[in-house]
Amino acid sequence: MTRPTVVISLDLELSWGSFDLSYGDDLLKMGRWTHDVGAPNLLKHLTRNGLSATWAIVGAMMRRSLPDVSGLPEVRFPHFSKPWFSYIPKDGDEKSHPEWFGASLVEMIRNATPEQEIGFHSFSHVPFGERGMTRERAIAEYRYCAQIAKELGIAKSSFVFPRNSVGYLAELRDAGFDCFRDVDRLPMRFANGALNSLGMIWADFAGSTPCMVEPSLKDGIVSIPGSLLIRYAAGWRKYIPDSSRLRRLRKGLERVRLSRGVFHVWFHPENLYAEWPRVENVVARFLEELGVLVRNGDVRCLTMGQLASEFRAAATVKQNSQQPAVLAPAGRVNSPASGSRRRAGEPISA
């Protein structure tokens with residue numbers, strides 16, 4: 001079992017996150033606020049407490065303007081029949097449309113101390129696991145992300161699927177990514193999605209203890225399930241007491257400290273916008289308490305990429321230790337009589 005570890009993954013998406021669900025002034029205001037206030041504030045909370053996180057960022061918003069997207073096969077979803085880039089300002093840039101583009105945010109995050117991880121939240125926030133998505137579009141999305149990673153000098157390590165809608169893992173592996181965030185582990189998972197949703201809602205209101213998780217391999221890529229989503233305070237979610245939100249986070253910290261494993265917390269920086277500063281205050285308190293535990297050596301705080309690398313290294317050591325020693329065939333060991341001597345460290349010839 002993994003040493004007591006906390007992982008924080010953040011889905012940074014500005015207006016890309018929900019334009020296909022509800023496009024309007026409120027969405028654009030939230031995107032601008034996240035660009036100017038929300039993401040910078042969150043980064044300060046992390047660095048002030050000496051913590052690193054995985055920032056899974058929509059690839060298209062890592063640029064100062066929209067790149068050529070003619071190489072992306074078009075997709076049509078039941079909930080959104082328009083061309084996917086219909087609302088994106090084709091001639092805009094970060095200065096004129098900070099609700100869509102955030103190259104300066106990427107640089108701010110990259111230059112932070114302690115070091116933060118830049119991951120990918122797809123290229124254009126298409127839901128990979130929904131009806132209407134195609135393998136061709138998935139491969140193209142991965143290819144566009146890989147190109148941006150190359151241009152910016154970012155490692156292709158961590159990937160977070162939009163809306164945690166997982167799909168096309170073999171293609172993600174083939175694109176060179178190392179790990180992804182898998183769906184949340186629940187105390188009890190039902191075949192009925194509505195029942196799962198009700199269970200998660202109840203857990204938020206009751207402040208129940210979240211599950212610990214462990215990394216594993218799926219289709220040759222490291223799966224890191226989520227433990228707890230910090231929901232935003234809009235709609236019915238605003239009735240979740242802040243004390244219940246903080247109670248769940250504290251219970252997760254206590255459980256991982258005592259029982260080992262991974263406590264994987266995730267949310268969107270955009271989630272801090274509704275009824276600000278309510279959720280930001282909860283997050284800030286959680287990060288302060290986590291920082292104390294890290295400094296005391298009670299838990300670790302790793303990025304998704306760091307955890308995946310550690311998992312692969314441990315798996316390699318375990319595999320090598322289970323392989324039987326290979327003995328040289330009788331009569332073929334080098335000896336003075338054979339006219340040659342084997343140097344220390346050289347393999348015995350077969």
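Surface patches here are built from residues with over 30% relative accessible area and no salt bridge, and nonpolar side chains (Val, Leu, Ile, Met, Phe, Trp, Tyr) are joined within 5 Å. One such nonpolar patch, of about 400 Å², is made by M188, F190, L195 and L198. The model is predicted. It holds 24 aromatic pairs and 22 salt bridges.

**Nonpolar surface patch**

- M188, F190, L195 and L198 together make the patch of about 400 Å².
- L195 is found in helix 5, which covers residues 193-206.
- L195 has a relative accessible area of 40%. Buried means under 20% and exposed over 50%, so L195 counts as partly exposed.

**Aromatic pairs and cluster**

- The count of aromatic pairs is 24.
- In one of them, the rings of W16 and F85 have centres 6.2 Å apart and planes at 80 degrees. Planes over 60 degrees apart count as edge-to-face, so this pair is edge-to-face.
- The W16 and F85 pair links distant parts of the chain, 69 residues apart. W16 sits in the loop between strand 1 (5-12) and helix 1 (25-48). F85 sits in the loop between strand 2 (54-57) and helix 2 (103-110).
- W16 is buried, at a relative accessible area of 0%. F85 is also buried, at 9%.
- The rings of F77 and W84 form another edge-to-face pair, with centres 5.5 Å apart and planes at 65 degrees.
- F77 is buried, with a relative accessible area of 3%. W84 is buried too, at 0%.
- One aromatic cluster takes in W16, F19, Y23, F77, F80, W84, F85, Y87 and W100. Both pairs described above therefore draw their rings from this cluster.

- S124 lies in the loop between strand 3 (117-120) and helix 3 (135-152).
- S124 has a relative accessible area of 0%. That value is under 20%, so S124 is buried.
- The side chains of S124 and E141 are joined by a polar contact of 2.5 Å.
- Beyond neighbours within four places in sequence, S124 is in contact with W16, F19, V58, W84, F85, R137 and E141.
- Among these contacts, W16, F19, W84 and F85 are members of the aromatic cluster.

- R300 is placed in strand 10, residues 300-302.
- R300 is buried, with a relative accessible area of 13%.
- Two side-chain polar contacts involve R300: one with T5 at 2.7 Å and one with E310 at 2.7 Å.
- F205 lies 95 residues from R300 along the chain, and their C-alpha atoms are separated by 28 Å.

**Salt bridges**

- The count of salt bridges is 22.
- The side chains of E151 and R63 meet in a salt bridge, at 3.5 Å from N to O. This pair links distant parts of the chain, 88 residues apart: E151 is in helix 3, and R63 is in the loop between strand 2 and helix 2.
- E151 is partly exposed, with a relative accessible area of 43%. R63 is partly exposed as well, at 26%.
- R64 forms a salt bridge with E94, and the closest N and O atoms are 3.1 Å apart. R64 and E94 both lie in the loop between strand 2 and helix 2, so the pair ties together parts that are 30 residues apart in sequence.
- E94 is buried, with a relative accessible area of 7%.
- R173 forms a salt bridge with D174, the closest N and O atoms lying 3.1 Å apart.
- R173 is partly exposed, with a relative accessible area of 33%. D174 has a relative accessible area of 58%, and exposed means over 50%, so D174 is exposed.

Note on methods:
Residues are numbered from 1 along each chain as its sequence is written. This is a predicted model: local features need pLDDT of at least 70, side-chain atom pairs count only at pLDDT 80 or more; totals for chains, interfaces and linings use all residues. Side-chain values use heavy atoms; hydrogens and water are left out. Helices (H or I, at least four residues) and strands (E, at least two) are DSSP runs, numbered from the N terminus. Buried means under 20% relative accessible area, exposed over 50%, partly exposed in between (1.4 Å probe, protein chains only). A polar contact is a pair of N or O atoms within 3.5 Å; within protein, one must be able to donate a hydrogen and the other to accept it, and residues adjacent in sequence count only if both atoms are side-chain atoms. Contact means heavy atoms within 4.5 Å. Patches are made of residues with over 30% relative accessible area and no salt bridge: like charges are joined within 9 Å, nonpolar side chains (Val, Leu, Ile, Met, Phe, Trp, Tyr) within 5 Å. Accessible areas come from the Shrake-Rupley method with a 1.4 Å probe; for residues, only the protein chains shown count as cover. A salt bridge is a side-chain nitrogen of Lys or Arg within 4 Å of a carboxyl oxygen of Asp or Glu. Rings of Phe, Tyr and Trp (its six-membered ring) pair if their centres lie within 6.5 Å; planes under 30 degrees apart count as stacked, over 60 as edge-to-face and the rest as tilted.
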